[in-house]
Amino acid sequence: MLVAAAVVPCPPMIVPELARGAVAELDALRAACDQALAALAASAPDRLVVVGAGPVEATLGDGGVGSFARYGVDLEVTLGGGAEHELPPALAVGAWLLGRSPWAADRVAAGTAPSPVSGAVIAADADPARCATRGAELVAGADRVALLVVGDGSACRTEKAPGYLDARAEPYDVALAAALDTADPAALAALDPALAEELWVGGRPALQVLAGAAGPGRSGRLLYDEAPYGVGYFVALWS
């Protein structure tokens, strides 16, 4: 069963080595992500699953390794056991965030052990029905499961955004922020894949996995809601 979930974005610039001189611009985002991961740890799950979109659906039960070399920095991150699986960018950011969280080996409290961590990749073009089924599968059984859901909102908020300015982007992100703040899985499940693609929404499939995992009756809290580079970045907690 799902005991807690956190939603975080996946901008490569969240990694200080990539941001270089602009590192301070995302300090507030990093702090919100740290707060969300601390709350997930406090929920004491039996296992943590990091969920993000990628080219094809995959289950990384024994973890994987990700690299930021594509962004010009020779930096690798490990998720879970760090098997030979290659992490897509979203899960690589999730692994980097975990590396500065209570799940990091050098931060584990004395006499305790971190919950096992695995990865779940949902195909970027998965339809809402498949996303919902995938979410239900991830939390089936008696284990207390926490989800770390990694994905951005629209990327069309300004003229300098990756997808340029689209007037529909801000209303889309406002509605998405409200759904995250109120823990509304029905609103996430109703996200239109076609519109999401037009607005360059990187997190749509992962958010719809959360909708399938959560069900009604949850409480939510939005910790961060900004678009510093014309891309909607959200950090939220569900319990």
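This is a predicted model: local features need pLDDT of at least 70, side-chain atom pairs count only at pLDDT 80 or more; totals for chains, interfaces and linings use all residues.

Reader: Fine. What is the strand order in the open sheet?

Author: The order is β3-β6-β2-β7-β1-β9-β8, seven strands with mixed pairing. Strands (E, at least two residues) and helices (H or I, at least four) are DSSP runs, numbered from the N terminus. Two strands pair if DSSP finds at least two bridges between them.

Reader: Which strands stand at the edges?

Author: β3 (58-60) and β8 do. Each has a single partner strand, so one side of each is left without a neighbour in the sheet.

Reader: How many degrees are neighbouring strands turned against each other on average?

Author: 15 degrees, direction ignored. Axes are lines fitted to C-alpha atoms, for helices over the stretch in contact, and angles run from 0 to 180 degrees between N-to-C directions.

Reader: Do β2 and β7 run parallel or antiparallel?

Author: Parallel, with six bridges joining them. V50 has L148 in β7 as its bridge partner.

Reader: And what about β9, which strands does it pair with?

Author: β1 pairs with β9 in the antiparallel sense over three bridges. V7 stands opposite A236 in β9. β8 (residues 220-226) is also antiparallel to β9, with six bridges. There, Y224 stands opposite V235.

Reader: What sits between β8 and β9?

Author: Six residues, which complete a hairpin. G230 in that turn has a positive phi of about 80 degrees.

Reader: Is β9 covered on one face or both?

Author: Both. Y233, V235 and L237 are buried on one side, and F234, A236 and W238 on the other. Buried means under 20% relative accessible area, exposed over 50%, and partly exposed in between (1.4 Å probe, protein chains only).

Reader: Switching to packing. How many residues are in the largest nonpolar core?

Author: 44, and L40, F68, L98 and L148 have the most contacts inside it. A nonpolar core is a set of buried Ala, Val, Leu, Ile, Met, Phe, Trp, Tyr and Cys residues joined through side-chain atoms within 4.5 Å. Elements giving two or more residues include β1 (2-8), α2 (27-42), β2 (47-54) and α3 (89-98).

Reader: Which element gives the most?

Author: α3, with eight residues. Nine of the 10 residues in α3 are buried, among them W96, L97 and L98. α3 lies across β1, β2, β3, β6 and β7, at about 145 degrees to β2.

Reader: What is L98 in contact with?

Author: Leaving aside neighbours within four places in sequence, L98 touches L37, L48, V50, L79, W103, A104, V117 and L148. Contact means heavy atoms within 4.5 Å.

Reader: What does the second core include?

Author: C131, L147, A183 and L207 are among its 39 residues, and it is separate.

Reader: Last topic, rings. How many aromatic pairs turn up?

Author: One in the whole structure. F68 and Y71 form a tilted pair, 6.3 Å centre to centre with 40 degrees between the planes. Rings of Phe, Tyr and Trp (its six-membered ring) pair if their centres lie within 6.5 Å; planes under 30 degrees apart count as stacked, over 60 as edge-to-face and the rest as tilted.

Notes. Residues are numbered from 1 along each chain as its sequence is written. Side-chain values use heavy atoms; hydrogens and water are left out.
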